[in-house]
Amino acid sequence: MSTNAADPLVALGGLPGVPDVVDRVRKAVDRVYGHRVMRRRSNEITSEAALRGARGSAALSGADWALEEVRRRTDFGTEHDARTVGAALRLTAEAGQLLSIWRQSPLRVLARLHLVAAADAGDAVGRPRQAGESVDEPLIEGRLPDADEVAGRLEGLSRLIIAGGSAPALVTAAIVHGELLALRPFSSCNGLVARTAERIVLIGSGLDPKAICPAEVGHAELGRAAYAAALDGYVSGTPQGMAAWITHCGKAVELGVRESTAVCEALQRGAA
């Protein structure tokens with residue numbers, strides 16, 4: 001991966017197939033927003049999408065619980081899987097509170113997300129890792145950048161977000177997601193934080209303002225092996241690799257759309 005996270009945004013036109021993916025995702029999102037149920041019960045769709053998104057994110061971090069188990073549980077403070085599911089739920093709830101801060105201070109938001117996810121008072125919580133500190137992220141492999149590289153690339157990502165630009169929301173969300181996974185800037189919970197940051201970009205950009213298209217559902221459905229393979233493409237920094245990662249994220253959003261469309265249909269039939 002290039003140390004300049006803006007490269008794929010600047011070179012969007014040169015990434016094979018990405019404009020088509022962007023267009024396809026936009027049309028899919030527009031279709032679910034046009035569903036007749038959305039006119040009357042959008043809050044219910046949003047709530048259900050948040051629950052299903054949190055379940056999907058937790059599954060990718062190793063806690064693959066059934067949806068109904070996530071729905072009924074109230075205690076998330078003991079064993080590892082329960083803590084992971086609890087962290088995913090807290091992050092999904094927190095994301096909507098941080099939209100106004102993201103474009104002005106993305107690093108502050110990322111620190112807050114890690115604090116919410118980790119939910120403890122350790123010295124390494126809520127800040128990027130320092131030299132010599134380890135990372136507890138067993139499901140994400142690959143070269144671990146050192147603390148200096150992490151700091152530099154986080155600053156570059158922050159400048160990119162603050163500057164804005166004309167890149168499609170899907171592309172920006174994929175780059176934020178991929179960069180955080182590649183860097184693993186925190187001592188723990190990097191995958192959960194990265195997927196929440198993707199959610200924040202998709203919502204705050206206006207692509208999915210009501211948060212009804214949970215990409216986390218799609219990422220989980222596509223599976224951890226495909227997720228890791230697509231991330232390898234991002235880390236490679238090649239046009240083909242970057243396009244593969246953005247395409248993977250686009251498919252995840254489309255699957256999130258499909259999930260919420262099914263919820264809309266169930267509500268319309270009176271079955272949910």
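This is a predicted model: local features need pLDDT of at least 70, side-chain atom pairs count only at pLDDT 80 or more; totals for chains, interfaces and linings use all residues.
1. **How to read a helix pair.** Two packed helices are described by the angle between their axes and the distance between the axes. Keep both values in mind for the next points.

2. **H2 with H13.** Start with helix H2, residues 18-33, and helix H13, residues 239-269. Their axes come within 9 Å and cross at roughly 15°. Angles under 35 degrees count as roughly parallel, and H2 and H13 are therefore roughly parallel to each other. Their crossing is left-handed.

3. **Who touches whom in H2 and H13.** On the H2 side, the contact is made by Val18, Val21, Arg24, Val25, Ala28, Val29 and Val32. On the H13 side, the residues are Ala243, Ile246, Thr247, Gly250, Val253, Glu254, Val257, Ser260, Thr261 and Cys264. By class, the contact of H2 with H13 has 11 nonpolar, 4 polar and 2 charged residues. Find Arg24 and Glu254 in the list and look at them in the model.

4. **H3 with H5.** Helix H3 covers residues 38-60, and helix H5 covers residues 80-95. They pack at an angle of about 135°, with their axes 8 Å apart. That angle makes H3 oblique to H5. The crossing here is right-handed.

5. **Who touches whom in H3 and H5.** H3 brings Ala50, Leu51, Ala54 and Ala58 to the contact. H5 answers with Thr84, Val85, Ala88, Leu89 and Thr92. The contact of H3 with H5 holds 7 nonpolar residues, 2 polar ones and no charged ones.

6. **H5 with H7.** H5 also packs on H7. The axes of H5 and H7 come within 8 Å and cross at roughly 145°. H5 passes H7 in a right-handed crossing. From H5, the contact uses Arg83, Ala87, Arg90, Leu91 and Glu94. From H7, it uses Arg112, Leu113, Val116, Ala117 and Ala118. What classes of residue make up the contact of H5 with H7? There are 6 nonpolar, no polar and 4 charged residues.

7. **Leu115 in H7.** Stay with helix H7, residues 106-118, where Leu115 is found. Leaving aside neighbours within four places in sequence, Leu115 is in contact with Asp120, Val125 and Gly126. Take Gly126 as a check on the model. Leu115 and Gly126 are 11 residues apart in sequence, and their C-alpha atoms are 4.5 Å apart in space.

8. **The loop between H9 and H10.** Helix H9 spans 169-183 and helix H10 spans 190-204, with Ser188 in the loop between them. Which phi values stand out? Phi of Arg184 is near 45°, a positive value in a residue other than glycine. Phi of Cys189 is near 60°, again positive in a residue other than glycine.

9. The cut-off for buried is under 20% relative accessible area. Arg184 has 5%, so Arg184 is buried. Ser188 has 17% and counts as buried. Cys189 has 18%, and Cys189 is buried. Ser188 touches His114, Ala118, Asp136 and Glu137, not counting residues up to four places away in sequence. Ala118 is also one of the H7 residues in the contact with H5.

10. **Cysteines.** How many disulfides does the structure hold? The count is 0. Cys189 is in no disulfide, and the nearest cysteine sulfur, that of Cys249, is 20 Å away. Cys249 is in no disulfide either; its nearest cysteine sulfur, that of Cys213, is 15 Å away. A disulfide needs two cysteine sulfur atoms within 2.5 Å. Cys249 is buried, with a relative accessible area of 0%.

11. **Asp232 in H12.** Asp232 lies in helix H12, residues 224-236. The cut-off for exposed is over 50% relative accessible area. At 54%, Asp232 therefore counts as exposed. Asp232 and Ala244 are 12 residues apart in sequence and 9.4 Å apart in space, C-alpha to C-alpha.

Technical notes:
Residues are numbered from 1 along each chain as its sequence is written. Side-chain values use heavy atoms; hydrogens and water are left out. Axes are lines fitted to C-alpha atoms, for helices over the stretch in contact, and angles run from 0 to 180 degrees between N-to-C directions. Helices (H or I, at least four residues) and strands (E, at least two) are DSSP runs, numbered from the N terminus. Angles under 35 degrees count as roughly parallel, over 145 as roughly antiparallel, 65 to 115 as roughly perpendicular and the rest as oblique. A crossing is left-handed if the near helix is turned anticlockwise from the far one by less than a right angle, and right-handed if clockwise. Contact means heavy atoms within 4.5 Å. Ala, Val, Leu, Ile, Met, Phe, Trp, Tyr, Cys and Pro count as nonpolar, Asp, Glu, Lys and Arg as charged, and the others, Gly among them, as polar. Buried means under 20% relative accessible area, exposed over 50%, partly exposed in between (1.4 Å probe, protein chains only).
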